[in-house]
Amino acid sequence: QSPSYSEFEYPISLLVPAYNEEATIVTSIKSMLQLKYSAIEIVVVNDGSKDGTLAALNAAFKLLQITKSKLDLIQTQTVRGLYQSSQYPNLFVIDKKNGGKADSLNAGINFSNSPLFCAVDADSILERTALQRLAKPFMRDPQMVVTGGTIRVANGCKVNQGNLTHIGLSTNPLALLQVVEYLRAFLFGRLGWSRLNANLIVSGAFGLFKKEKIIEVGGYKTNTIGEDMELIVRLHRILRSRGEECPIEFVPDSVCWTEVPEDIKTLRNQRIRWQRGLCESLYANKGLLFSKTGGAAGWVAFPFMLIFEAFGPLLEIVGYSSLFLAVVFDYISWNTFLLLTASTVIIGVLLSTSALALEEFSFHTYPKISQLIVLWLVGIIESFGYRQLNTYWRLIGLYKWVAQTEAQWGKMTRKGSWQAKN
């Protein structure tokens, strides 16, 4: 039997870092204003955008400049202005010099008034009950530190005035491949680690945090491109070393929809960045590995991430190359080579199709049979080229981390095609 909850809800500050998000920022904020949550403030942090992000916010929400004494709990780039909506008193905008996403989140933490804050990407659409669901573990467990929700692909969906009105699939092949990829990563990966309290990743696009604990560990690091994962691993390392509990929970039915890349160049840059960020996060917090107080996070999740995620691309390339050389030099037959290669492909297909089945049985997100058939076919096709391409990109990310080449975010162009034209 599920526990019951009263009408009391912890106050939450939604922190929305925005850099050149003119195309989607207004729709995203409108969706947040319609959330089914009583105690909420929204803090948009304009990180020195070069486009019309601030102007779009002003036109849509009638901003008025305000003054507010704030605690400089975490050092950030200079704040140039503070604004409050004349239409929605719980909507605030911080205008600051460019400092990156981590710096923007730190500025939002400094300004926010609530004991919990939720980091949300500026191109994201939250389901109306998403925040309620994400906050429930905090009401159940006073020691809760972080909860994270499910990220789903918004490409192909329709959003009108901040409301998700139609769940669809994109006609773009890359976006379709990512739908299956996201389903597998969240339902199989994060749900499993959550049972062990060993989640080392909470998506930067949708996570709820106890503010005092984040301030205790120094906020988000600005010298890494994987600030979301780095913070989670650091929380495990520091809190556990103090003998404190560090509950971090994945909430699968709390859903955030986000736009994913639809071109090879942007997707490539994203995956290289993710891989490098993962390596940086693990190395910066290597003290968690096999720590006496590390628990499952330090003894199971950390070595798994190190071997199969950080160095996984290298191991995979070496494995395929070794098999091929073994055939060339007659150590194994071609039949054995084909059998082993087919086995890896079949396992990948089974993982993807099983994730789709679990999604359908649990949430029934995609209502049409035709959509499920398309996703099932994509779940098969992705093992023939797309996964191998991802492995290559991750290998580049690993190399860039080892070589310590200059880290770059790359450019993500928001199309906002899922927004209804008014």
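Which residues do ring pairs link into a cluster? Phe117, Phe209 and Tyr220 are linked in this way. The model is predicted: local features need pLDDT of at least 70, side-chain atom pairs count only at pLDDT 80 or more, and totals for chains, interfaces and linings use all residues. Residues are numbered from 1 along each chain as its sequence is written, and side-chain values use heavy atoms, without hydrogens and water.

**View 1. Aromatic pairs.** Rings of Phe, Tyr and Trp (its six-membered ring) pair if their centres lie within 6.5 Å; planes under 30 degrees apart are stacked, over 60 edge-to-face, the rest tilted. The count by this rule is 11 aromatic pairs.

**View 2. Trp193 and Phe304.** This pair is edge-to-face, with 5.3 Å centre to centre and 65° between the planes. Trp193 belongs to helix H5 (residues 173-195) and Phe304 to helix H9 (residues 295-310), so the contact ties together parts 111 residues apart in sequence. Helices are DSSP runs of H or I, at least four residues, numbered from the N terminus. Trp193 is buried at 14% relative accessible area; Phe304 is partly exposed at 31%. Buried means under 20%, exposed over 50%, partly exposed in between (1.4 Å probe, protein chains only).

**View 3. Trp334 and Phe337.** Ring centres lie 5.5 Å apart and the planes meet at 85°, so this pair is edge-to-face. Both residues sit in helix H11 (residues 334-362), three residues apart, about one helical turn. Phe337 is buried, at 13% relative accessibility.

**View 4. Charges over rings.** The charged end of Arg152 sits over the ring of Phe363, 5.4 Å from its centre. Lys286 places its charged end over the Tyr283 ring, 4.2 Å from the centre. The rule: NZ of Lys or CZ of Arg within 6 Å of the ring centre and within 35 degrees of the ring normal.

Conventions. Helices (H or I, at least four residues) and strands (E, at least two) are DSSP runs, numbered from the N terminus.
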